[in-house]
Amino acid sequence: MSLEDTIEHAKRAFALKKYEQSVEHYASALEIATKKYGEKASETADLYFAYGKALLENAIAQSSVLGKQEPDDALLEDNNGAYACNTANSGAFLSFSGDADDEHHGEDVAVDLFAEAQKAADELDAAEEEEDDEAEPEDDFNAAWEVLDLARAIYEKQQDESDEVKLKLADTYITLGDVSLETEKFDQAITDYSAGLSLKTDLLPLSSRQIAEAHYKLSIVLDLTSGRLGDAIVHAERALDSVEARLAELRDALSGQGLVKPEQPQSKEDVKGKGKATGPRLLGDDAIVHMTKSQMMAEEKELQGLREDLALKVEELKSAPNEPTGSAPELAAKALDAELNSAPAAAPAASTEVHDLTGLVKKKKKNVDTNGATPTPTNGAVKRKAEDDGDDAQSDKKAKLEEAAS
């Protein structure tokens, strides 16, 4: 089979969501292409990208099947190409009817110990086989990353050749971000999504659905990252702005008011002395100019619902409680510092109370000095004391004279 036929079979299988077959066909096509052009030739970049996307979709499909017991961890792609956590299917794997429990209610059921032991052994073997199968999606994710990263390296060397190559590089970054999001490597996903979004913003108009999708994916991964809620809100709002811009362009096109047009390339002589152009350099495959009137009307209806969903998402993010920023050790250190700093604040109140009580006690001991002796009295007190002592002395002398006379 020729290279062109193999690629055609791979594309058809991918369109039919037969990702495993698509992976096999793309692998065969790459084997032919690398023998013909070389492993890092520019002609192989598109094949590497397509092969990486097929590997990613196959890994997602496999992990969805094996992850039925843990539906909360499955990240699935919706119709608009955006990723979100899917928990809607969790109820399908649980049953609350109680029919199984009531089937033998009130009956004594015989237990075959040998059969139970054999059943346990079979379950153990099945669990081991399942663990082997669970390793396969992870291998596909790793393979997808390596293949896509190879495509990225080739596109980066060629990006100065044309804007179309830059757009392919942007798509590769976005797909690399998808791989990192699926494998929960959120920091790497943020890096790749940001790089892809930056390229797309320079190349495409705001009304491009690719811009809205890139902003939304970046918002999702930022929302999953601690301390990045504010950035998640910003990108969700920009995704909403992009959808509204596309809606406005669709309505203008349907009313015959015109379409967004790409910036016309200028010669070097025309560029000299002029400011940088601000118009879009490309329109992308989803450009409205390529659509029929019926397609425009259908997309307008679809985007109205998407706009409402995005508006709800923005409000949901804004109403979410702010998370503390920083790593776990930093948060623990801050909490400890706050605890230590709050302790001296309570100490002055306690010492003030003790000081006040001591003052009250001292007020009750006004006539006693620190050595227990009576303090020196005032002049009036001295006079009264002298008079009392004189009276006592006269009484004593009179008593002694009376005793002598008798």
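The exercises below, each with a worked solution, concern the predicted model shown above.

Residues are numbered from 1 along each chain as its sequence is written.

**Exercise 1. The nonpolar cores**

*Solution.* Step 1: recall the term. A nonpolar core is a set of buried Ala, Val, Leu, Ile, Met, Phe, Trp, Tyr and Cys residues joined through side-chain atoms within 4.5 Å. Buried means under 20% relative accessible area, exposed over 50%, and partly exposed in between (1.4 Å probe, protein chains only).

Step 1: identify the core. The largest one has 33 residues, and Tyr-26, Leu-47, Tyr-51 and Tyr-155 have the most contacts inside it.

Step 2: assign helices, which are DSSP runs (H or I, at least four residues) numbered from the N terminus. The largest share, 11 residues, comes from H3.

Step 3: examine one member, with contact meaning heavy atoms within 4.5 Å. Not counting residues up to four places away in sequence, Leu-47 touches Leu-3, Ile-7, Tyr-26, Ala-29, Leu-30 and Ala-33.

Step 4: note the second core. This separate set of 16 residues includes Ile-174, Leu-229, Ala-232 and Ala-236.

**Exercise 2. An aromatic pair**

Classify the pair formed by Phe-14 and Tyr-19.

*Solution.* Step 1: state the criteria. Rings of Phe, Tyr and Trp (its six-membered ring) pair if their centres lie within 6.5 Å; planes under 30 degrees apart count as stacked, over 60 as edge-to-face and the rest as tilted.

Step 1: apply them. The centres of Phe-14 and Tyr-19 are 5.3 Å apart and the planes make an angle of 70°, so the pair is edge-to-face. A search of the whole structure finds 1 aromatic pair.

Step 2: compare the surroundings. Phe-14 counts as partly exposed because its relative accessibility is 24%, whereas Tyr-19 counts as buried because its value is 15%.

**Exercise 3. Helix packing**

Describe how H9 (residues 229-255) packs with H8 (residues 209-223).

*Solution.* Step 1: read the geometry. H8 and H9 pack at an angle of about 160°, with their axes 8 Å apart. Axes are lines fitted to C-alpha atoms, for helices over the stretch in contact, and angles run from 0 to 180 degrees between N-to-C directions.

Step 1: H8 passes H9 in a left-handed crossing; that is, the near helix is turned anticlockwise from the far one by less than a right angle, while clockwise would be right-handed.

Step 2: list contact residues. Among them are Ile-211, His-215 and Leu-222 of H8 and Leu-229, Ala-236 and Val-243 of H9.

**Exercise 4. Positive phi**

Locate Lys-17 and Glu-184, and state the phi of each.

*Solution.* Step 1: recall the background. Most residues other than glycine have a negative phi.

Step 1: consider Lys-17. Its phi is near 60°, and Lys-17 lies in the loop between H1 and H2. Lys-17 counts as exposed because its relative accessibility is 63%.

Step 2: consider Glu-184. Its phi is also positive, about 60°, and Glu-184 lies in the loop between H6 and helix H7 (186-203).

Methods:
Predicted model: local features only at pLDDT ≥ 70, side-chain atom pairs only at ≥ 80, totals over all residues. Heavy atoms only, no water. Helix = DSSP H or I, 4+ residues; strand = E, 2+ residues; numbered from the N terminus.
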